[in-house]
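Please read the points below alongside the coordinates. They are meant as a colleague's working note.

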Amino acid sequence: FCLQHSRATIKKAADIVITSNGGYPLDQDFYQTVKGMVSCLGVLKQGGTIIIASECCRGVGSDHFKKLLFEMTDYEAFIRMISNKDFFMVDQWEVEMLIHALKKAKVVLVSTGITASEAKRCHVDYAPSVESALQDALREHGANAAVAVIPNGPFVIPAIEANSSL
């Protein structure tokens, strides 16, 4: 049912994806914003760029999430830490999901609720507008880069057409 009503396909993987976390109330903090980043990974080339617009009017997220996120210095060490059966901290899953996005792509956050310095602590880049982020990404990937736009992030199941060649 979900595939029939929510799937959107493209012919080839994108170099750049512009997305959101679906707007208010889903974009209230960076914790929720990670969901929009992860949902587009299936249509993004390795080494691509995710540009995500998210208000983040409530900042980064819970104290547990901030602690894990801000103290993380090594992705693999973090995964090893949370893989220990004796370790558990609330919100660790969302940091793990962020790592999935960061291992595949450069992530650029466009937000009025998080500053550039806070974005850096969240392990993502910052841009003041989607337009400036796109200009930077096109300089990096080339003027002919494939760009996919997913306005409603996690409400769409993006996929590459099965009979298309990459």
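1. Basis. The model is predicted, so local features are given for pLDDT of at least 70 and side-chain atom pairs for pLDDT 80 or more, while totals for chains, interfaces and linings use all residues. Residues are numbered from 1 along each chain as its sequence is written, and side-chain values use heavy atoms, with hydrogens and water left out.

2. Sheet order. Five strands make up an open sheet, ordered E5-E4-E3-E2-E6, with parallel pairing. Strand E5 (125–126) and strand E6 (147–150) are the edge strands; each has a single partner strand, so one side of each has no neighbour in the sheet. Helices (H or I, at least four residues) and strands (E, at least two) are DSSP runs numbered from the N terminus. Two strands count as paired if DSSP finds at least two bridges between them.

3. Pairing of E2. Six bridges connect E2 with E3 in the parallel sense, and Ile16 has Thr49 in E3 as its bridge partner. E2 (residues 14–20) also pairs with E6, again parallel, over four bridges. There, Val17 stands opposite Ala148 of E6. Seven of the seven residues of E2 are buried, where buried means under 20% relative accessible area, exposed means over 50%, and partly exposed lies in between (1.4 Å probe, protein chains only).

4. Pairing of E4. E3 and E4 are parallel and share six bridges; Ile51 has Val108 in E4 as its bridge partner. Val108 in turn has Asp125 of E5 as a bridge partner, and E4 and E5 run parallel with two bridges between them. Five of the six residues of E4 are buried, so the strand is largely enclosed by the rest of the structure.

5. Helices on the sheet. Helix H2 (residues 30–39) lies across E2, strand E3 (44–53) and strand E4 (105–110), and runs at about 135° to E3. Helix H5 (residues 92–104) also packs on the sheet, where it touches E3 and E4, and its direction makes about 120° with that of E3. Contact means heavy atoms within 4.5 Å. Axes are lines fitted to C-alpha atoms, for helices over the stretch in contact, and angles run from 0 to 180 degrees between N-to-C directions.

6. H4 against H5. Helix H4 (residues 75–83) packs with H5 at an angle of about 145°, and the axes are 11 Å apart. The crossing is left-handed, that is, the near helix is turned anticlockwise from the far one by less than a right angle (clockwise would be right-handed). H4 contributes Tyr75, Glu76, Phe78, Ile79 and Ile82 to the contact, and H5 contributes Gln92, Val95, Glu96, Ile99, Leu102 and Lys103. By class these are seven nonpolar, one polar and three charged residues. Nonpolar covers Ala, Val, Leu, Ile, Met, Phe, Trp, Tyr, Cys and Pro; charged covers Asp, Glu, Lys and Arg; the others, Gly among them, are polar.

7. Cysteines. The structure holds zero disulfides, a disulfide being a pair of cysteine sulfur atoms within 2.5 Å. For Cys2, the nearest cysteine sulfur is that of Cys40, 18 Å away. Cys57 is partly exposed, at 46% relative accessibility, whereas Cys56 is buried at 0%.

8. Backbone points to check. Cys56, in the loop between E3 and helix H3 (63–71), has a positive phi of about 55° although it is not a glycine. Asp91, in the loop between H4 and H5, also has a positive phi, near 75°. Asp91 is buried, with a relative accessible area of 19%. The peptide bond joining Tyr24 and Pro25 is cis, with omega about 5°; Pro25 is in the loop between E2 and H2.

9. Gly153. This residue is in the loop between E6 and strand E7 (157–160). Gly153 is buried, with a relative accessible area of 1%. Leaving aside residues up to four places away in sequence, Gly153 touches Thr19, Ser20 and Ser39. The C-alpha atoms of Gly153 and Leu102 are separated by 17 Å, and the two residues are 51 apart along the chain.
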